[in-house]
Amino acid sequence: MTSAYLAAGTELVEPVAAGGQLILAALAGIALIVVLITLAKLHPFLALIFGALTVGLVAGENIGTVLDSFSNGFGSTAASVGILIALGAMFAKLLADSGGADEIVDTIVGHASPRALPWAMALVGAIIGLPMFFEIGLVLLMPVIYLVARRSQLSLIAVGIPALAGLSAMHGFVPPHPGPVAAISLLNADLGVTLALGVLVAIPTIVVAGPLFGKLAGRWVVLAVPDRFDATAEEADTGVSVTHTAARSKTRPSFAITIFSVLLPVALMMGKVLVDIFVDDKTHLVRQTFDILGRPLMALLIAVVVGMFTLGLGARMTRGQIVKCIESSLPPVAGIILIVAAGGGFKQVLVDTGIGTLLAEWAKGANLSVVLLAWVLAVLIRLATGSATVATITASSLMLGLVEGMSTGEVSLVVLAVGAGSLFFSHVNDAGFWLVKEYFGMSVGQTIKSWSLMETALSVAGLAFVLLLGLVV
């Protein structure tokens, strides 16, 4: 179950104090993180450090021991997860700057009938959301959402919600996004299996929370299309949508090349899973080849290198432009990498105090569904902090002891349950809430009735499909 590229140091240890004291330590640490993020407006990186120190000290550990635990967890998580986030950001920047993302949007939307447009927008959101962070995908797609709504005379919400559902589902369920990758690392899940199951969960979840819910939300919230990105008369007449005016003036990679580039790392990681299933001989050349190529680090590294040629040179970018594109992708994700790594340190402190062992024994005695418990914990932390990443990290850390002895597939389902819970009811303490509100020109009430309820539908539907998968996995 444990792969060499995943974070180490997750074995269970004996509790260092009485059960009541350890529970108090965990609650105190989580409460401090919530207060520092929501009230003091402290950066989650610092909040997680202070939360980890609080857990260790309340549990009665020496501060030097707590600092060692935190450093070990931070380092192992940064080594495994940080590299993947950085490579994912590089590929996403190549996709955006080359015009490949525009090509995907134009091709899919341009071939859709008015009735099929919400479904097409959900597909676009999912494909764009596969390599890109939610915020980047949203900024990229908003001009398209405006233009499609204006051209088709459909509700802005009916067009926009499916796209947002596609983006958000990928963010919560599918690697290489920070939340799923962090949960996979913290729980020692198999990334390829989780990726495959995540896609299986994401597709029906997007259908429910996207086109189906969007049709309802479009009746509840009626909006005029903002004029922030006015299309030209020619674009409106011809049905061609663009995300940047500059995107029309330069050569783009073709749709086929772009899709190939986006799906290449996914195919390599899923290929490893299939080869492991159907090729039993570990010395077989195909098995050995995919054991290397299908590792997340190698798959994403290959995707970035291939993307430089297929996307960069395909858009006739110069060598200097490609280098600058790659360099500019890293500063925006530095904070995310630090937060995820600090989450790894927080997890290690929880592990080393024995809280995970205690919770595992308690859950087994209470006969609770581990998948349902994972979802509830992530929901509570998401509602309190507004951060899907913090919710994922904290809930995964608390679930560590409960996944011991589970099969590879079952651990992956716990990861997906945490991901589903981390999407629940985005509201005023979530930066994404305000981003959607401003781009759509909605009031707070309208944003809750559309975006917040869509996130809730994603979360609940995601849990339902995870539980259904649990019947056969």
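I began with the residue classes lining the largest cavity: 10 nonpolar, 1 polar and no charged. (Ala, Val, Leu, Ile, Met, Phe, Trp, Tyr, Cys and Pro count as nonpolar, Asp, Glu, Lys and Arg as charged, and the others, Gly among them, as polar.) This is a predicted model, with local features needing pLDDT of at least 70 and side-chain atom pairs pLDDT 80 or more, while totals for chains, interfaces and linings use all residues. Numbering runs from 1 along each chain as its sequence is written, and side-chain values use heavy atoms, without hydrogens and water.

Next, the space in that cavity: about 100 Å³. (On a 1 Å grid over the protein atoms alone, a 1.4 Å probe fits in a cavity but cannot get out; a pocket is an open set with protein on both sides within 12 Å along at least five of seven lines; lining residues have an atom within 4 Å of a point. Points join across faces, edges and corners, and a volume is the space filled by probe spheres set on them.) Among its lining residues I noted Gly88, Phe91, Pro175, Val262 and Met269. Helix H11 (255-278) gives the largest share, 4 residues. (Helices are DSSP runs of H or I, at least four residues, and strands runs of E, at least two, numbered from the N terminus.)

Then I looked up the largest pocket, with about 1000 Å³ of space. It has 40 lining residues, and Glu135, Ser387, Thr389, Asp430 and Ala431 are the closest to its centre. Helix H3 (residues 63-97) supplies the largest share of that lining, 5 residues. By class, the pocket lining has 20 nonpolar, 13 polar and 7 charged residues.
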